[in-house]
Amino acid sequence: FSHRLFVRSSRSKTAMAGDQTAEDQPQVVDCIPLIEAASKQKVLGNGAVKQKNFAQAISAYESGIAILDKADGHPVLRSEGEQMVTLKATLYSNIAQCFLSQELYRRAIEAADSCLKLDPDHLKALHRRSLAFEAIHSYQAALLDLQALRRLQGLSIETLDQREAALKEKQANVER
């Protein structure tokens, strides 16, 4: 079904003569219905992931993103805009995980990149992109994401140290 944009009235009924007309004022979009609909798509996607139906999960997550995209270019309340960005970043990160699970590493990198454009410090996206880079033998890029995770304290020091050592060894073997 269609998710319409609802406009919040920015004009009181008791406006005085000489005030700007309603047409002169930007109309703020009510994003709550969009956030709720996209969140439902996220739940559907998460359920599909649990059943290892990654194609269905990706479709649900992409539907959620498309719903949120309907507000693009429209004025929104800051708090709702922040919620939408956070949700959209999560949906992209979840898509990256689905592609990783299917061993579609370049597509996982693209999805993680989309997430990181919205939230450069998204821990799961950095981790997933690092794993995808490693899988395609782009060890230097994987190490850069590990460095970001270390800076953000996104994984345990022990885990980071182990992954970093393994990646450096793989990189050294490639360079020989």
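Mentor: Start with Glu-80, which is buried, with a relative accessible area of 4%. The cut-off for buried is under 20%, so Glu-80 qualifies. Glu-80 is found in helix H3. Its C-alpha atom is separated by 7.2 Å from that of Ile-32, 48 residues apart from Glu-80 along the chain.

Keep in mind that this is a predicted model. The protein chain has an average pLDDT of 88, and 85% of the residues score at least 70. Residues 9-20 have a pLDDT below 50, and in the model this stretch has eight contacts beyond near neighbours in sequence. Where pLDDT is low, the predicted coordinates should not be read in detail.

H4 itself runs over residues 105-118 and has 14 residues. From its first C-alpha to its last it reaches 20 Å, close to the 20 Å expected at 1.5 Å a residue.

In H4, the residues Ala-108, Ile-109, Ala-111, Ala-112, Cys-115 and Leu-116 are buried. They are on the same side of H4 because they cover an arc of only 165 degrees around the axis. An α-helix has 3.6 residues a turn, so residues three or four places apart point the same way. On the other side of H4, Arg-106, Glu-110 and Lys-117 are exposed.

Notes: Residues are numbered from 1 along each chain as its sequence is written. This is a predicted model: local features need pLDDT of at least 70, side-chain atom pairs count only at pLDDT 80 or more; totals for chains, interfaces and linings use all residues. Side-chain values use heavy atoms; hydrogens and water are left out. pLDDT is the predictor's confidence in each residue, from 0 to 100. Contact means heavy atoms within 4.5 Å. Helices (H or I, at least four residues) and strands (E, at least two) are DSSP runs, numbered from the N terminus. The expected span of a helix is 1.5 Å times one less than its number of residues. Buried means under 20% relative accessible area, exposed over 50%, partly exposed in between (1.4 Å probe, protein chains only). The arc is that of the directions from the helix axis to the C-beta atoms.
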